[in-house]
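Here's a quick tour for anyone opening this structure for the first time. Have a look at the model below, and then we'll walk through a few spots in it.

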Amino acid sequence: MSKCVLGTAALGGIWGPIDKEESVSAILMALEYGIETLDTAPAYADAEEIVGKALKQWKGRLPRINTKVGRLKCYATDEGIYDYSPAGMERSVHESLKTLGVETIDVLFLHDPDAIGKDIDIEAVFRQMQKFKQAGLAKKIGIGGNLPDWFKQYDFASVFDVVMEFNRLDACCNVALTTSLPYYQANSIQFYSASPLHMGLLGNKYQQFVDTPPAWMDKASVVKARAVKKIADKYNLLLPNLAHRFILSIPEEFKMVIGPGNSEQLLKTLFDIQGGALPEQVFKEIMNLNTILNEI
């Protein structure tokens, strides 16, 4: 469980309607099972409010709390409302602290770096993030989202402590192993890998996304998911079980951010995690498959 972080986007309602009390119960259940870190954001619909309610009810040791700044509250994944101005970021962080009911954030992520327009003073954004850390409002600062190429020209490695990527280290895509992860390790930056189910493609959205891929999903991911599903079927494994355990089989040091939408999905995920690493042969077949498909 120490490798796992509970993401709260789905529990907050960003992927669809939720029962807030059920989401609170799911968070409490995760804490009971030993999850030590919660990851949330203003942009995850009502997630911060729900996390705050769960923390008030929780009687055990306070978990680590991560949230984000830059993307404002919304109720749809394609509804991007952003404010990277120093004043806007200040306002957002203080609202998050109040909503969550905590005095400091364990990791404060700069949300969606690819949404930062080139007309924005990125150095000013970096300085504002550092101010949050210097003021004690955040213990660590990070980047939450895949880095666009233009972003890499800046010396972000000397500023940030953590980077969270998504869809770049899972059973149908492992490019982070040979690209970003070695760089982060060399620069002492902690790595979070979000969405082990590739936004549902390796989970309960498999058939839907294979039949009708959403506009934001690349065709290569669908091709790889089909091949991974064949491996899962070959070894009589459920696709989500294989996907979660694939992450646990990778020997590198990093955090996996899971994203259940309710208590039932959480229990299934925890069951997968308790299964531990995949048998070596299964893991090798997936790695070899990714190598072959990445070269196509």
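Predicted model: local features only at pLDDT ≥ 70, side-chain atom pairs only at ≥ 80, totals over all residues.

Helix 3 (residues 47–57) packs against helix 4 (residues 86–100) at an angle of about 40°, and their axes are 7 Å apart. On the helix 3 side, the contact is made by Glu48, Glu49, Val51, Gly52 and Leu55, while helix 4 brings in Ser96, Thr99 and Leu100.

## A buried aspartate

Next up is Asp170, which sits in the loop between strand 6 (162–166) and helix 6 (180–186). Asp170 is buried but has no salt bridge: Lys224, the nearest side chain of opposite charge, is 8.0 Å away.

What does the side chain of Asp170 join up with in a polar contact? That would be the side chain of His198, at 2.7 Å. Setting aside its neighbours within four places in sequence, Asp170 also touches other residues, including Ser195, Pro196, Leu202, Phe246 and Ile247.

## Two residues with positive phi

Most residues other than glycine have a negative phi. His198 isn't a glycine, yet its phi is positive, at about 50°. You'll find His198 in the loop between strand 7 and helix 7 (206–211), and it counts as buried because its relative accessible area is 3%, with the cut-off being under 20%.

Ser188 isn't a glycine either, and it has a positive phi of about 55°. Its place is in the loop between helix 6 and strand 7 (190–194). Is Ser188 buried or exposed? With 68% relative accessibility, Ser188 is exposed.

Key: Residues numbered from 1 in each chain as written. Heavy atoms only, no water. Axes fitted to C-alpha atoms, helices over the stretch in contact; angles between N-to-C directions. Helix = DSSP H or I, 4+ residues; strand = E, 2+ residues; numbered from the N terminus. Contact = heavy atoms within 4.5 Å. Buried < 20%, exposed > 50% of the residue type's maximum accessible area, 1.4 Å probe, protein only. Lys, Arg positive; Asp, Glu negative; His and termini not counted. Salt bridge = Lys/Arg side-chain N within 4 Å of Asp/Glu carboxyl O. Polar contact = N/O pair within 3.5 Å; in protein donor to acceptor, adjacent residues only side chain to side chain.
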